[in-house]
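Open the model in your viewer and keep the sequence panel beside it. Each stop below gives a selection and what to look for there.

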Amino acid sequence: MVKIYTLTLSPSLDSATLTPQIYPEGKLRCSTPVFEPGGGGINVARAITHLGGQATAIFPAGGATGEHLVALLADEQVAVDTVDAKDWTRQNLHVHVESSGEQYRFVMPGAMLDDDEFRQLEQKVLAIESGALLVISGSLPPGVQCEKLTQLIRAAKDKGLRCIVDSSGDALTAALESGGLELIKPNQKELSALVKRPLTQPDDVRSAAQELVRSGKAHRVVVSLGPQGALAVDETGSVQVVPPPMKSQSTVGAGDSMVGAMTLKLAQGASLLEMTRYGVAAGSAATINHGTRLCSLEDTQKIVNYLSQS
């Protein structure tokens, strides 16, 4: 099977806790926090591992939080290839309020990544064997401009790597400038920004995704539609997969689980329908968990079986 690598430029150590209620000024008594690895590419690698695949996560790690992050990934048997960073890896906080069911996500700025650290990460990427899949996922940290991302993707493609990008805003726009991406996963709002027009009519989302494929910017575009699942387009056609009705506990990690599952299927040479179905199933499986937990193989397979019969 094709080997899979992920690149996370802005990793995080995520902590999740429960509190009975939330209000200003007073002390909010919380449960013992649960710590988990965080950051787009790292979570994609974790999801792939949870689903029985293998992926190597490339990322910078700094300070005690970085050491904790690496240790947690070792516990999950996720292969890593890290660069020592001067700044401590950021720590995010997710708070679930028991009385209301609401969740609050406190996301800290990414650690600064200097030119030398970025260069070391780039060297690790360019040492990957030709033909492998490289997932670049997450936000850009301070010190890294969009131009650097574009240059890195072009260099990776020149080395024969098949690049998947899951980002947003200027970073996603910059990534598409290189063209020939294996897969992107925008939501409807992000897709609208990419084609620079509102998507209000029934077939507008499909048409916009097809436009990106025809232009050569991406071989596959999978548009995340929330409760409506996902619409996937490649040069051969399009499919839409709608998940079963399920009670969502948390949407944290759903997108990364989806990308991980789709990447695993791409590595196995699956069809557009199989890839999208597995991605939607994994994303849905992640939502039935509290906090920052990702998909599990058991839950994902149950949903895949349901979708295959519907």
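Select Gly101. This is a predicted model, and in it Gly101 is partly exposed, with a relative accessibility of 41%. Gly101 sits in the loop that joins β6 (90–97) to β7 (103–106).

**Back into β6**

Which strand holds Gln91? Gln91 belongs to β6. Its relative accessible area is 33%, so Gln91 counts as partly exposed. Show its contacts, leaving out residues up to four places away in sequence: Gln91 touches Leu13, Ser15, Phe35, Thr65 and Met108. Then draw a distance to Phe106. That residue is 15 positions from Gln91 along the chain, and the C-alpha separation is 9.2 Å.

**Two loops with positive phi**

Go to Glu25. Look for it in the loop between β2 (12–19) and β3 (34–38). Glu25 is not a glycine, yet its phi is positive, about 75 degrees. Is Glu25 buried or exposed? Glu25 is exposed, at 82% relative accessible area.

Move on to Gln77. The loop here runs between α2 (63–75) and β5 (79–84). Gln77 also has a positive phi, about 60 degrees, without being a glycine. With 71% relative accessibility, Gln77 counts as exposed.

**Helix α8**

Select residues 254–267, which form helix α8. How many of its 14 residues are buried? Twelve are, so the helix is mostly covered; the cut-off for buried is under 20% relative accessible area. Colour the buried positions in α8: Ala254, Asp256, Ser257, Met258, Val259, Gly260, Ala261, Met262, Thr263, Leu264, Leu266 and Ala267.

Check the helix length next. At 1.5 Å a residue, the 14 residues of α8 should span 20 Å. The end C-alpha atoms of α8 are 20 Å apart, in agreement with that.

Pick Thr263 within α8. Its relative accessibility is 0%, so Thr263 is buried. What is Thr263 in contact with, apart from its neighbours within four places in sequence? The partners are Ile4, Ile48, Leu133, Val135 and Ile164.

Step past the end of the helix. Gly269 follows α8, and its phi is positive, near 75 degrees.

**Helix α9**

Continue to residues 272–287, helix α9. Of its 16 residues, 13 are buried, so α9 is largely enclosed by the rest of the structure. Draw a distance between its end C-alpha atoms: they are 23 Å apart. At 1.5 Å a residue, α9 should span 22 Å, which agrees.

**Helix α10**

Select Asn305. It is found in helix α10, which covers residues 297–309. Is Asn305 buried, exposed or partly exposed? With a relative accessibility of 37%, Asn305 is partly exposed. Asn305 and Asp203 are 102 residues apart in sequence, and their C-alpha atoms are 28 Å apart.

**Zoom out**

Show the whole chain as a cartoon. There are ten helices and 13 strands to count. Its radius of gyration is 19 Å, close to the 19 Å that the globule rule gives for 310 residues, so the chain is as compact as a globular protein of that length. Along the principal axes, its C-alpha atoms fill a box of roughly 55 × 50 × 40 Å.

Colour by accessibility. Of the 310 residues, 50% count as buried. Switch to a surface: the chain exposes about 14100 Å², and carbon and sulfur atoms supply 49% of that area.

How values were computed: Residues are numbered from 1 along each chain as its sequence is written. This is a predicted model: local features need pLDDT of at least 70, side-chain atom pairs count only at pLDDT 80 or more; totals for chains, interfaces and linings use all residues. Side-chain values use heavy atoms; hydrogens and water are left out. Helices (H or I, at least four residues) and strands (E, at least two) are DSSP runs, numbered from the N terminus. The radius of gyration is taken over C-alpha atoms; the globule rule is 2.2 Å times the number of residues to the power 0.38. Buried means under 20% relative accessible area, exposed over 50%, partly exposed in between (1.4 Å probe, protein chains only). Accessible areas come from the Shrake-Rupley method with a 1.4 Å probe; for residues, only the protein chains shown count as cover. The expected span of a helix is 1.5 Å times one less than its number of residues. Contact means heavy atoms within 4.5 Å.
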